[in-house]
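Dear colleague,

Please find below the structure I am handing over to you. My findings follow it.

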Amino acid sequence: MFVKQISVFIENTPGRLSDFTRVLAENDIDLFSLSIADTTHFGILRGIVADPDGAAKLLIEKGYSVKVTDVLAVFVPDHPGGLNEVLSHLAERDIALEYLYSFVRQSGDHALIILRVDRPAEAASVLTSAGVRLLTQDEVKAL
């Protein structure tokens, strides 16, 4: 029910993101989705890749600080209020949203949103009980 995400600390210097993507490219690791939160000196890159454990091992060998975490990949109705329909289920149960970002792989009548919450197992249960579709790692990879 969960999708593995890599989180990588990246210096906020010219060419550093290019270096990161080069490591993935040279090792044929597909980067499906990407979010970067930055400060003056560094950024936290969060991404969904085809082989999260392999990517983490490789990136650590290359000197990056990497963490693999479980996130939820959620199909959200693609209309005004669609995201609120999903998030309201979590809010009703006091499940805190730590961050989210979109995942664009195909067009259709749903958006795919990556969610990180404080209680992932409970959130997954709440959302599936409400009829919200969660994707597995294999389903995300197949998109």
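Predicted model: local features only at pLDDT ≥ 70, side-chain atom pairs only at ≥ 80, totals over all residues.

Residues are numbered from 1 along each chain as its sequence is written, and side-chain values use heavy atoms, with hydrogens and water left out.

Helices (H or I, at least four residues) and strands (E, at least two) are DSSP runs numbered from the N terminus. Buried means under 20% relative accessible area, exposed over 50%, and partly exposed in between (1.4 Å probe, protein chains only).

Helix H3 spans residues 82-92, and its residues Gly 82, Val 86 and Leu 90 are buried. These three lie on the same side of H3, because they cover an arc of only 70° around the axis, taken from the directions from the helix axis to the C-beta atoms. Asn 84, Ala 91 and Glu 92, on the other side of H3, are exposed. The cover over the buried residues includes strand E4 (65-77), strand E6 (110-117) and helix H4 (120-129), where contact means heavy atoms within 4.5 Å. Just after H3, Asp 94 has a positive phi of about 55°.

Three aromatic pairs were found in the whole structure. Rings of Phe, Tyr and Trp (its six-membered ring) pair if their centres lie within 6.5 Å; planes under 30 degrees apart count as stacked, over 60 as edge-to-face and the rest as tilted. One of the pairs is Phe 9 with Phe 42, which is tilted because the planes stand at 55°, with the ring centres 5.9 Å apart.

Yours sincerely
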